[in-house]
Amino acid sequence: MIVTPLSPAAAAFRNRVEDEAAFLTTCEGGDPGSPENRSIWMLGIEPGWSLADEAADTKMEGERAAKLEAYAVELQLEWPFNRNAFKLLCALEGGDPEDFRAFAQRARPFERSSTGYFKANLFPEPCNKVGEWDAHSAAKTGFTRKDDYRAWLRENRFRVMKSWIEHCRPRLVIGTGLTHLADFLEITGTPGTPTVHTITVNGHAKRLHVATNGMVPVAVIPHLSGGPHSLNSNEAIRLIVEQIRSEIGVESPA
């Protein structure tokens, strides 16, 4: 159900989501690339917002605020998802996951004004947990139910994301979160359901899907932080990357 009347904040949120020219302001950061200089896109489900982040936000110091505004690597290294994203990108570029810190310091993935890597989410409103939806989120978006919010974004944000992917032609789109396989396939214009591949690490099976029959190559993989079926070890990341490379390879940046 939609909150009525729509507040100025909710109206602004809707307008920003629907405006293709404002797309980058709804994303974390980095370089979306171009057909001549193609980037790797790392896509999550929604921005995480932990209790620690909330506490830090209430007493944010100038230096930390500046790092957050720049999406600085030094700040990203504090977050488990981003650390594992760096490990994955490092391995994709031919390195070892263990060398992720040196890779991050050198390549500066996802930072404002950096090149080669881009980070965004299917759904832009931060939540502490995927199933969570509170009064603040309802007021900001104009939706009292998260299901309605997501349905509206699938209709309005996904067409914008698809247009940007078609325009920028990333060399690889990585979707993190198998429960949203259909969403990642939709925004990359990928028909059908790609074959499932399974790797096993310490007795835990981890699935992934890789496809090349859409607008751009796409790999949909387990979440980068979380439970036993996530990519929570260097070995899991290494094996996932090997599978991606065996399916599509990864071009060197132009």
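**Strands, turns and helix packing**

Mentor: Asn202 counts as exposed, at 73% relative accessibility (exposed is over 50% relative accessible area, buried under 20%, and partly exposed in between, with a 1.4 Å probe and protein chains only). The model is a predicted one, in which local features need pLDDT of at least 70 and side-chain atom pairs count only at pLDDT 80 or more, while totals for chains, interfaces and linings use all residues. Residues are numbered from 1 along each chain as its sequence is written, and side-chain values use heavy atoms, with hydrogens and water left out.

Trainee: In which loop does Asn202 lie?
Mentor: Asn202 has a positive phi of about 55° although it is not a glycine. Most residues other than glycine have a negative phi. The hairpin around Asn202 has two residues between its strands, and the loop that holds Asn202 is the one between E5 and E6.

Trainee: Arg169 also has a positive phi without being a glycine; what is its relative accessible area?
Mentor: The phi of Arg169 is about 50°, and this residue belongs to the loop between H8 and E4. Arg169 is partly exposed, and its relative accessible area is 28%.

Trainee: How many helices and how many strands does the protein chain have?
Mentor: Helices (H or I, at least four residues) and strands (E, at least two) are DSSP runs, numbered from the N terminus. Among the 254 residues of the protein chain, 49% count as buried. The secondary structure of that chain comes to 10 helices and seven strands.

Trainee: Which residue of E6 is the bridge partner of His197?
Mentor: Strand E5 (residues 196-201) has a covered face of His197, Ile199 and Val201, whereas Val196, Thr198 and Thr200 form its uncovered face. E5 pairs with E6 (residues 204-211) in the antiparallel sense, over six bridges. In E6, the partner of His197 is Leu208.

Trainee: Which residue stands opposite Ala219 of E7?
Mentor: In strand E7 (residues 218-221), Val218 and Val220 point one way and Ala219 and Ile221 the other way, and all are buried. E7 pairs with E6 in the antiparallel sense over three bridges, with Ala211 opposite Val218, and these two strands form a hairpin with six residues between them. With E4, in contrast, E7 pairs in the parallel sense over four bridges, and the residue opposite Ala219 is Ile174.

Trainee: How far apart are the axes of H1 and H8?
Mentor: Axes are lines fitted to C-alpha atoms, for helices over the stretch in contact, and angles run from 0 to 180 degrees between N-to-C directions. Helix H1 (residues 8-18) packs against H8 at an angle of about 35°, while the distance between their axes is 8 Å.

Trainee: Which residues of H1 make the contact with H8?
Mentor: Contact means heavy atoms within 4.5 Å. H8 contributes Tyr149, Trp152, Leu153, Asn156, Arg157, Arg159 and Val160. From H1, the contact is made by Phe13, Arg14, Val17 and Glu18.

Trainee: At about what angle do H5 and H10 pack?
Mentor: H5 (residues 80-92) and H10 (residues 234-248) have their axes 9 Å apart, and their crossing is right-handed (the near helix is turned clockwise from the far one by less than a right angle, and anticlockwise for left-handed). They are oblique to each other; angles under 35 degrees count as roughly parallel, over 145 as roughly antiparallel, 65 to 115 as roughly perpendicular and the rest as oblique. The packing angle of H5 and H10 is about 45°.

Trainee: Which residues of H10 take part in that contact?
Mentor: The contribution of H5 is Asn84, Lys87, Leu88, Ala91 and Leu92. From H10, the residues are Asn234, Ile237, Ile240, Val241, Ile244 and Arg245.

Note on methods:
Pairing = 2+ DSSP bridges.
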